[in-house]
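Open the model in your viewer and keep the selection tool at hand.

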Amino acid sequence: MVRAVRTHTEASSGRLLEIGPGGGELLAELARELPGWRLLGVELSQRNVLIAGERLRSAGLSDRVTLVVADYVTGPGRGVFDVIVAQSVLHLITTSDLDLCRRLGNDLSPRGLLVITIPYDCWYNRCVWLSRRVLRHMPSALVDRLGEAVGRLVHPALDPELVRQRLPYLRSVPHRVDSPAFRSLLRDVSGLGLVEAVTLARRSPAQPRHRLLVFTKAP
Ligand SMILES: C[S@@+](CC[C@H](N)C(=O)[O-])C[C@H]1O[C@@H](n2cnc3c(N)ncnc32)[C@H](O)[C@@H]1O
């Protein structure tokens, strides 16, 4: 994500929005890479905002980075941004594709950049989502216990608390994926043209495969 933002952005100052920054790892990295910029994270989870806020404070970055707890699509507008990033978030947003695309189009400045990672349709991801649908029908305490044990086995270096925080994703299925229809809406409703698409390496067997997509808004 940082590489893509750097490659396609030359301005020494501007406004960047991250949708769903989670614990703030990427937001902190972007704030370091873009020293003249002001950054905003809009995050649904209050708990994540507290974690991200602490990370940014201890890195000495909180003077340029603001965090708000809100739903990105239904929450209040926050002005216009030169760059919007969303890492593994857009498929989790529950509002309609149309409302999401309208919001993205309104929030990006002319020539603005949208950098996202999002799952795509493939046999591997279909298996992941099928297994998650099955898990939804099993007792949640059992699924969480099993998920935690497997998570610790597969990611021994990961903080056990982080493994626990990710357990709800064992039951989550996407509201959208990268598809010709979604790309068409981004083009027709948001005014965005695709400039880069990269299939990413998988970070965990339990995670769906993602693509990194970069769009620019028409002038
Ligand atoms: C899979 S996590 C990814 C977190 C972070 N971007 C990362 O890559 O580590 C998805 C995040 O999006 C947030 N989220 C989901 N729907 C949202 C919405 N409608 N508005 C803002 N944030 C949202 C969740 O609370 C969660 O922190």
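This is a predicted model: local features need pLDDT of at least 70, side-chain atom pairs count only at pLDDT 80 or more; totals for chains, interfaces and linings use all residues.

Helices (H or I, at least four residues) and strands (E, at least two) are DSSP runs, numbered from the N terminus.

Colour the shell by residue class next.

Two notes on reading the model. Residue numbers start from 1 along each chain as its sequence is written. Local features need pLDDT of at least 70, and side-chain atom pairs count only at pLDDT 80 or more, while totals for chains, interfaces and linings use all residues.

Select the strands. Seven of them form an open sheet in the order S3-S2-S1-S4-S5-S7-S6, with mixed pairing. Strands pair if DSSP finds at least two bridges between them. Strand S3 (65-69) and strand S6 (192-199) are at the edges with a single partner strand each, so one side of each has no neighbour in the sheet. On average, neighbouring strands are turned by 15° against each other, direction ignored.

Walk along the pairs:
- S2 and S3 are parallel, over five bridges. Leu-40 stands opposite Thr-66 in S3.
- S5 and strand S7 (210-217) are antiparallel, over seven bridges. Leu-113 stands opposite Thr-216 in S7.
- S6 and S7 are antiparallel, over seven bridges. Leu-194 has Phe-215 in S7 as its bridge partner.

Which residues of helix H4 (97-107) are buried? Select Leu-100, Cys-101, Arg-103, Leu-104 and Asp-107. Down the axis of H4 they fall within an arc of 160° (taken from the directions from the axis to the C-beta atoms), so they line one face of the helix. Buried means 20 or more other C-beta atoms within 10 Å of the residue's own; exposed means 12 or fewer, and partly exposed lies in between. On the other side of H4, Leu-98 and Asn-106 are exposed.

Finally, show the cover over the buried residues of H4: it includes strands S1 (15-19), S4 (81-87) and S5 (108-119), and helix H8 (180-188). Contact means C-beta atoms, placed from the backbone, within 7 Å.

Conventions
Two residues are in contact if their C-beta atoms, placed from the backbone, lie within 7 Å. Axes are lines fitted to C-alpha atoms, for helices over the stretch in contact, and angles run from 0 to 180 degrees between N-to-C directions.
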